[in-house]
Protein chains: 2
Amino acid sequence: MSKKVTIYDIAKKLNVTAATVSRALNDNPKISDSTKKLVLETAEKMNYRQNRLAIALKSGRSNNIGVIVPRINTNFFGSVIRGIEEELNASGYQVIICQTHNDEEKEAENVETLLNSQVDAIFMSTSSRNTITFEKILKKKIPLIFFDRKKTMDNVSSVTIDDFAGGYIATKHLIDQGCKKIAHISTGDLNIEIFRERFAGYKQALYDNDLPFSEDYVLFTKSNIEDGREAVKKLFSLKNKPDAIFSASDFVALGAIQELQAMKLKVPQDVAVIGFSNEPFTNFLELSISTIDQFPLEMGRMTAKVFLEQIDSSEVEKIQKKVVLEPKLIIRKSSNRGK
Amino acid sequence: MSKKVTIYDIAKKLNVTAATVSRALNDNPKISDSTKKLVLETAEKMNYRQNRLAIALKSGRSNNIGVIVPRINTNFFGSVIRGIEEELNASGYQVIICQTHNDEEKEAENVETLLNSQVDAIFMSTSSRNTITFEKILKKKIPLIFFDRKKTMDNVSSVTIDDFAGGYIATKHLIDQGCKKIAHISTGDLNIEIFRERFAGYKQALYDNDLPFSEDYVLFTKSNIEDGREAVKKLFSLKNKPDAIFSASDFVALGAIQELQAMKLKVPQDVAVIGFSNEPFTNFLELSISTIDQFPLEMGRMTAKVFLEQIDSSEVEKIQKKVVLEPKLIIRKSSNRGK
């Protein structure tokens, strides 16, 4: 497939800004008629998304895309959104964002808000247990695409990472370092697929390596530093103490390490720790934290691409793509016993 | 002034969720007529914002508020937005967010996007040099409120911190620790008021304490860790090397410290460092970073309150509030020489 022509390509060709191209294509009164004519002719010559443009013009839609995430102020979601913006802005779309704070009711309100704002599509990383809200979106013929935290539904595309594999390679790495009593601190709610999958990957890695699974070694917390500290207090009040921790969150991993150090336990020698997400702070700490990279920028770009392909096709509802990205193990000081 | 009644108060009184109250007040078909009646009667009895509701009903607006920030994935802007949401959600408003990546054209596009989405107001932390975009908002009679990064304009309220005082107390603290050759790494563009003010506070503190000001000691960078490293390389290639750094960004302060340590200089003994913003990582590093707290949650709440007061008043355009919060010095290891 040849690379799609973007407004940046047209802008470069004409030596004007991308914003000017976008405005010209959207018939903005700020732009002179001669510029509009030039841009439209060039766009046609360069074979710029005629399909999408035609659809947008016919439907009279907004060219705005709504994005819903649990929280905006993590590197992970920030980077996914940046990826979405990069890809969509180049095609003349604007992005508006809402956050749910992991609250199902708030998520339903966000969907209402975005539908009222006449968005052309909703991309979302969901915290909901049921699918009522999503069916409402689909009924309005608004494309819905999940990223990261998805629900399995007909006619809905999704872009995720293989969280099972993430849980598996994190746990396998700890086993390779000689750990035999590996605890798992899971975040949030097992109703959310990604956490259920990471947990399942952890269990499978134990099973494949003949290590016993113990309920005592699995804790469920929120995703804060303080919760990591509390979890370690609980785990190390057990008679049979763990020698490693796989945390489904980098923030919880950090809290766990702080508490282990306060207890005068050595990381990674006494207890090896690995987190999940590759938040930037994991790398600039004195004791850097091993983690699983989820390629959020790639995830965002891919989500946008899946949407653009759907829109370009004339059979919007029939296309359904499930893109699954591979996670990557990043070994740092907190788990590296040099084995 | 007695505390305003919120939908949470009504919800508590009736033992229903706040979402139910919000939906009932907005005549949502999901809610039964009997519940609607009960909620409306209770709201009236409790004297719930009759004015605002009346205005909203009359104008047929969206109850959505648009928030524009340079970037979403910092603790500072994340917390401001959380404060805005807390205050506005309790009054039945929803928040949608756009980011500009410090790009003036992108900011203008975001404004278009939000205006097209029929928002009732725009709150923004601006990266623009001119006021054309803002005049467009005001012409549409949409309230505009600045927070943190403002432009001084008639008829526009703002909520900021005293950045001059922030720059002053950071520099004064370094002087109190015995530093005499204090460098300043400023972020972004002096066209942005906050950075100009921090810089002015730095100069004033030097002046008040009979320390000379040197152009060589002032550098302008982006707000990344890598830029902090580069800035230190430049500063320490000078013949007369500084003994302290006041950085207008925590991220730059972190990069600066990493580079100083790589150069085998001791922090704070050889070089004392202070940042700005109190990003959470500054506190959980082995060598914790001194900084200036800007009370972002408070700033967000205050911004929302200023808007709600405007809306409650019948003379929207005449009210103009300039709220200035006081910043707070937080002394940690990176600058504490025990003096």
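**Figure 1. A salt bridge joins B:E112 and B:K136 in this predicted model.** The closest N and O atoms of B:E112 and B:K136 are 2.1 Å apart; a salt bridge is a side-chain nitrogen of Lys or Arg within 4 Å of a carboxyl oxygen of Asp or Glu. The pair links distant parts of the chain, with B:E112 in helix 6 and B:K136 in helix 7 (residues 132-139) of chain B, 24 residues apart. Helices (H or I, at least four residues) and strands (E, at least two) are DSSP runs, numbered from the N terminus. B:E112 is partly exposed, because its relative accessible area is 24%, and B:K136 is likewise partly exposed at 29%. Here buried means under 20% relative accessible area, exposed means over 50%, and partly exposed lies in between (1.4 Å probe, protein chains only). Residues are numbered from 1 along each chain as its sequence is written, and chains are lettered from A and ligands numbered from 1 in the order in which they are written. In this predicted model local features need pLDDT of at least 70, side-chain atom pairs count only at pLDDT 80 or more, and totals for chains, interfaces and linings use all residues, while side-chain values use heavy atoms, with hydrogens and water left out.

**Figure 2. A salt bridge connects B:K150 with B:E193.** The N to O distance is 2.8 Å. B:K150 belongs to the loop between strand 4 (144-147) and strand 5 (157-161) of chain B, whereas B:E193 belongs to helix 9 (residues 193-208) of chain B, 43 residues apart. With a relative accessible area of 16%, B:E193 is buried.

**Figure 3. B:E259 and B:R229 form a salt bridge between two helices of chain B.** Their side chains meet at 3.0 Å, N to O. B:E259 lies in helix 11 and B:R229 in helix 10 (residues 225-235), so the pair ties together parts that are 30 residues apart in sequence. B:E259 counts as buried because its relative accessibility is 9%, whereas B:R229, at 23%, is partly exposed. Elsewhere, salt bridges that share partners join A:R82, A:E86 and A:R301 into one network. Over all chains, the structure holds 20 salt bridges.

**Figure 4. Chain B meets chain A across an interface.** In this interface 38 residues of chain B are in contact (heavy atoms within 4.5 Å) with 38 residues of chain A. Helix 6 of chain B gives the most to the side of chain B that touches chain A, with 8 residues. The residues on this side divide into 14 nonpolar, 15 polar and 9 charged. In this division Ala, Val, Leu, Ile, Met, Phe, Trp, Tyr, Cys and Pro count as nonpolar, Asp, Glu, Lys and Arg as charged, and the others, Gly among them, as polar.

**Figure 5. Helix 5 of chain A is largely enclosed by the rest of the structure.** This helix (residues 75-89) has 15 residues and reaches 20 Å from its first C-alpha to its last, close to the expected 21 Å; the expected span is 1.5 Å times one less than the number of residues. Of its 15 residues, 11 are buried, including A:F76, A:I81 and A:L88.

**Figure 6. A:F146 is a buried residue in strand 4 of chain A.** The strand covers residues 144-147, and A:F146 counts as buried because its relative accessibility is 0%. Leaving aside neighbours within four places in sequence, the contacts of A:F146 include A:M124, A:F134 and A:V159.
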